[in-house]
Amino acid sequence: MIPKIPLDEWVEFIVDKLEINLAVLFQFFSVCIEGCVNALSFVFQGVPVLLFIAIICAIAFYLGRWSFALFSGLGLLLIDNLGFWSHTMDTLALVLTSALISIIIGIPIGVWCAQSNKFRDVITPLLDFMQTMPAFVYLIPAVTFFGLGVVPGVIASVIFAVPPTIRLTNLGIRQVAEDLVEAADAFGSTRTQKLFKLQFPLAMPSIMAGINQTIMLSLSMVVIASMIGAQGIGADVYRAVTQIKTGQGFEAGLSIVVLAILLDRMSQYILKRKRSV
């Protein structure tokens, strides 16, 4: 009988070595991420509720239609009425931080994939692994390296949410018509000029679609992140599950649904406006 491959021991050995040798780097990332989340949460909660709702409604009306603005206002008023406003703002800060980090990491990697077939062939299996691995598994190394709290929640969310941005950035740039690229080369465009003046504008719908998916995946990690100490409305859902409080769980889940629809529709309307410009 073939002996068991000690894969678990190898992984634990690697994790222990990283924890020892890169402790300073992990501490730096932890401070930066926690500072970003706390700053966004402070800003969101520092704005009076009615003023915040009015701003969101104005943005919704500008991006979409009056019906979307009406839904935004009623949805946010419902969240405030149910008593989840503060936790929703914490969740929004966590989601936006995760999405921002995913975009900062994902778009350059997507561009690199589009410009290098070898790099794309290397990164594609890794993206498959990141998207198919159960999200709970990411919590283990995140807690090991960063402890409990909001930081490992953000790290796990980034790992889980960054692949769509990479994939769709790569796809969008590769789908730019070859004759346009050849025309840019014929006029003597540099690689940077070709990227920012031709490929990025034409690939923007695909890139924005990837960003939309990244935001939604970041939000889907909210409840899972609450299991390791990340504050926000996910903690209310998790508490309701553990205490079997169906009504409270429904209210908290409804708040997440409203927030998800707002983020999804806003990103979609931004995409539509870019297409119409």
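These notes go through a predicted model, from the whole chain down to single residues.

1. Overall make-up. The chain holds 13 helices and 0 strands. The C-alpha trace spans about 65 × 65 × 40 Å along its principal axes.

2. Of the 277 residues in the chain, 43% are buried. Among contacts with a separation of 6 or more, 77% are between residues 24 or more positions apart. The accessible surface amounts to about 15300 Å², and carbon and sulfur atoms supply 69% of that area.

3. Charge. There are 17 positive and 17 negative side chains in the chain. The centres of these two sets are 10 Å apart.

4. Asp 128 and Arg 167. These two side chains form a salt bridge, with an N to O distance of 2.4 Å. Asp 128 belongs to helix 6 (residues 117-132) and Arg 167 to helix 8 (residues 150-174), so the bridge ties together parts that lie 39 residues apart in sequence. Asp 128 is partly exposed at 35% relative accessibility, and Arg 167 is partly exposed at 27%.

5. Arg 120 and Asp 121. This salt bridge has its closest N and O atoms 3.3 Å apart. Asp 121 has a relative accessible area of 48% and is partly exposed; Arg 120, at 26%, is also partly exposed.

6. Asp 264 and Arg 265. Here the closest N and O atoms of the salt bridge are 2.5 Å apart. Asp 264 has a relative accessible area of 12%, which is under 20%, so Asp 264 counts as buried. Arg 265, at 34%, is partly exposed.

7. Negative patch. Glu 9, Glu 12, Asp 16 and Glu 19 form a negative surface patch. Asp 16 sits in helix 1 (residues 7-21). With a relative accessibility of 41%, Asp 16 is partly exposed.

8. Phe 145. This residue lies in helix 7 (residues 135-146). Beyond its neighbours within four places in sequence, Phe 145 is in contact with Val 15, Leu 18, Glu 19 and Phe 26. Of these, Glu 19 is also one of the residues in the negative patch. Phe 145 and Val 237 are 92 residues apart along the chain, and their C-alpha atoms are separated by 26 Å.

Key: Residues are numbered from 1 along each chain as its sequence is written. This is a predicted model: local features need pLDDT of at least 70, side-chain atom pairs count only at pLDDT 80 or more; totals for chains, interfaces and linings use all residues. Side-chain values use heavy atoms; hydrogens and water are left out. Patches are made of residues with over 30% relative accessible area and no salt bridge: like charges are joined within 9 Å, nonpolar side chains (Val, Leu, Ile, Met, Phe, Trp, Tyr) within 5 Å. Accessible areas come from the Shrake-Rupley method with a 1.4 Å probe; for residues, only the protein chains shown count as cover. A salt bridge is a side-chain nitrogen of Lys or Arg within 4 Å of a carboxyl oxygen of Asp or Glu. Lys and Arg count as positive and Asp and Glu as negative; His and the chain ends are not counted. The place of a charge is taken as NZ of Lys, CZ of Arg, CG of Asp or CD of Glu. Helices (H or I, at least four residues) and strands (E, at least two) are DSSP runs, numbered from the N terminus. Buried means under 20% relative accessible area, exposed over 50%, partly exposed in between (1.4 Å probe, protein chains only). Contact means heavy atoms within 4.5 Å.
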